[in-house]
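Let's walk through this fold together, one question at a time. Have the structure open beside you as you read.

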Amino acid sequence: MGHAHDHHHGPETGRKRLSIAFGIALALFVVQLVGAIWTGSLALLFDTVHVLTDAAGLGMALWAAVLMGRPATEHRTWGWKRVEVLAAAVQATVLIVVGIIVIVEAVQRFANPQPIADRELIVFGALGLLGNIAAIVVLFGGEKSLNMKAAFLEVVNDALGSVAVLVSAVVIGLTGWVQADAVVALLIGVLIIPRALVILRESVSVLLESVPPGLDIAEVKRHIERHPHVVTVHDLHASRISTDLPVLTAHVVVRDDCFEDGHSAQLLCEIQNCISEHFEVSIAHSTIQLDPQSHYRHEENEFPV
């Protein structure tokens, strides 16, 4: 089963897409920083901070993509695949912190409103939105690793922030209600946190080596045990090295005659094919240890089913 031991399952790194989006984010940060200082808008200021976190996140995602492209070594047998999960976790954590800061500052600004240059705010908000749309177009349709999902989420969130800044500028211009700036800043914070929590939760799930979403480990065990030559399955573990690389290990106890008549090699292929093709989550990399039934009886107290 050559495919079951192939380590080249990594996603396309999307380095070109990330490089372009990173450049857009840096340029957008400079433009919006000038605009925030000029207009005095809290919403634009924190949208600018959000752009900075986007640029940092995209830079981190680009760094992770470069590392993920490196081959495995004797020291790192899985290469740098898990770096995408670490990068996504850091990006999500930063977004959550920024979101909390935005909410706190928005509440304070709501109680103590400051004058806002609404016309200039519209200009810089529109520039921010155009830049974010360009980054979204660049990243949309790329590979769906957790690293890229986190990067795309950051850009989408920032685009929503730019829309909110434009709305606040229009409201201030039409009504003179400057608290709209604080309300929009609050909305930006509320938009950031839930989506970042989803990314962080999935990152932690991978780092804790939880069972891949969509895979019923009990059903895997039952399915393998339905094979006529299989007695039982124990020490069954499934996890993910990265979001696109699920792995499974198991001890499969088979009848002694499988080793006597040379049937064990065929049985191993059948089990690995089943794991790779039968379930919704295809696990192309599985490590199966076949144990003779007589050996299992000897070890039964140590490995209860």
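Q: Is the crossing of H3 and H6 left-handed or right-handed?
A: In this predicted model, helix H3 covers residues 83–111 and helix H6 covers residues 179–207. Their axes come within 7 Å. The crossing of the two is left-handed.

Q: Which term describes how H3 runs relative to H6?
A: The axes of H3 and H6 cross at roughly 155 degrees. Angles over 145 degrees count as roughly antiparallel. Therefore H3 is, relative to H6, roughly antiparallel.

Q: How many nonpolar residues does the contact of H3 with H6 have?
A: Sorted by class, this contact has 5 polar and 2 charged residues. The remaining class is the nonpolar one, and its count is 26.

Q: What is the order of the strands in the open sheet?
A: The sheet has 3 strands with mixed pairing. Strand E1 (230–242) and strand E3 (285–292) are the edge strands, each pairing on one side only.

Q: Which residue in E2 is the bridge partner of Thr232?
A: E1 and strand E2 (residues 245–254) run antiparallel, joined by 9 bridges. Within E2, the partner of Thr232 is Val253.

Q: Which helix lies across E1, E2 and E3?
A: Helix H7 (residues 217–225) lies across E1 and E2, running at about 140 degrees to E1. Another helix, at residues 264–277, runs at about 140 degrees to E3. The one lying across E1, E2 and E3 is helix H9.

Definitions and conventions:
Residues numbered from 1 in each chain as written. Predicted model: local features only at pLDDT ≥ 70, side-chain atom pairs only at ≥ 80, totals over all residues. Heavy atoms only, no water. Pairing = 2+ DSSP bridges. Helix = DSSP H or I, 4+ residues; strand = E, 2+ residues; numbered from the N terminus. Contact = heavy atoms within 4.5 Å. Axes fitted to C-alpha atoms, helices over the stretch in contact; angles between N-to-C directions. Parallel < 35°, antiparallel > 145°, perpendicular 65-115°, else oblique. Left-handed = near helix turned anticlockwise from the far one by under 90°. Nonpolar A, V, L, I, M, F, W, Y, C, P; charged D, E, K, R; others polar.
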